[in-house]
Amino acid sequence: MASASPTCAIITSPLTARRMHFTPAKAHMKITAIELIEVRVPYIAPIRKIGHADWEHTIVKVHTDAALTGLGEIWQPRRNVQPQADALIGKDPLRMNLESANMPWQSALYDIVAQAKEVPVWRLIGDKVRDEVPVAYWSSHLPPEETAKEAEKAAALGFTVHKLKAHAGDIVRQAEIISAATAGVDYAIRVDPNCGFKYPTTAVRLAKELAPYNIDCFEDPVEKTKVNYAWYALLRHKTDIPQALHLLDPYAVLGAVKADAVDRFNLSGNVAEVKRCAAIAEAANCPIWLQIGGLCLGIQTTLSVHLQATLSNDLQPCDELPFVRENNLIGDSLEFAAGHFAVPTGNGLGIALDNDALDHYRTG
């Protein structure tokens, strides 16, 4: 990147006068081109063989006239992303609102601006309060024996929470066999039926049957709208299992707190939305975890890790899950060990694309 012409500042005091030279950061930048690379990265075998819903990801490379490139990712085909890409050509990332941008552009813009300022992305979001971020393992609804194998593998890798897509008909058996497979280690089950327990009566019955097992929480166990937060408040009084809601609207988070309906939150959204929701949750003394990417690849996971590094909340293991894919497309550049992602320290996102993997999985 060509440096700007030096400028001068003169500081004068009664005793001395000094001429100080400095080179300011580049004040203008332009997006010159955007690459959209459509890929299909299969799930790992246990999930793939049950036919869990999937579709293409689009990897974006946002190029600038400052020779800086920002990386982004979205779980959509390229045709859905192209109109947005066209609209960004010629814009200046240094003059765009980063916090309220949406994927895949938020990641790419943060990456560019942080590189320009020679800092990690977390520095643009806030003060870093942790060097690593906990992550939960995840399983789709599998036969109990298959789930137990996944849990045993996950526990050996250092995971301590297993988020399980739960069905009312076999969740108790799932918990029993997971507990047997992970005996001797601290391994909790986050029960997520996607509102599939439907009614409080079912959720209360299952909570009693699950009492012998290490249940982290129920996430969205029953039907969920603003008018039935009372059901969640009822579950908090009828069961000993913490109740969690998956939300992205700060007004919904506030409504749940006011209704005394929740113990924890799973938060999604862009950086601005998550920060607003997290502030409300922290004021209410409710732990949180994030799911910005979910069943994503490595780029979106990395942005989430940068954001989580700045949140002062009681932070539970997140739902950023690149390990449920055959490949995360960033190799080992986002470090993982003992159930935690390390917060990158390099400029920008601090990761690099694995171009060989990108070429292998690209569909267009």
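Analyst: A disulfide is here a pair of cysteine sulfur atoms within 2.5 Å. By this rule the count is zero. The model is predicted: local features need pLDDT of at least 70, side-chain atom pairs count only at pLDDT 80 or more, and totals for chains, interfaces and linings use all residues. Residues are numbered from 1 along each chain as its sequence is written, and side-chain values use heavy atoms, with hydrogens and water left out.

Buried means under 20% relative accessible area, exposed over 50%, and partly exposed in between (1.4 Å probe, protein chains only). Cys195 counts as buried because its relative accessibility is 15%; Cys277, at 0%, is buried as well.

Next, the strands. Helices (H or I, at least four residues) and strands (E, at least two) are DSSP runs numbered from the N terminus, and two strands pair if DSSP finds at least two bridges between them. Strand E4 (residues 57-64) pairs with E5 in the antiparallel sense over six bridges. Ile59 has Glu73 of E5 as its bridge partner. Four residues lie between the strands of this hairpin, where Ala67 takes a positive phi near 65°. Five of the six residues of E5 (residues 69-74) are buried.

Helix H6 (residues 171-181) has Ile171, Val172, Gln174, Ala175, Ile177 and Ile178 as its buried residues. With contact meaning heavy atoms within 4.5 Å, these buried residues pack against helices H5 (144-156) and H7 (200-209) and strands E8 (161-165), E9 (188-192) and E10 (215-219).

Last, the pockets. On a 1 Å grid over the protein atoms alone, a pocket is an open set of points with protein on both sides within 12 Å along at least five of seven lines, whereas a cavity is a set where a 1.4 Å probe fits but cannot get out; lining residues have an atom within 4 Å of a point. The largest pocket is lined by 28 residues, with Trp75, Gln291, Ile292, Gly293 and Gly294 nearest its centre. The second largest pocket has 16 lining residues, and Pro322, Phe323, Asn328, Phe336 and Phe341 lie nearest its centre.
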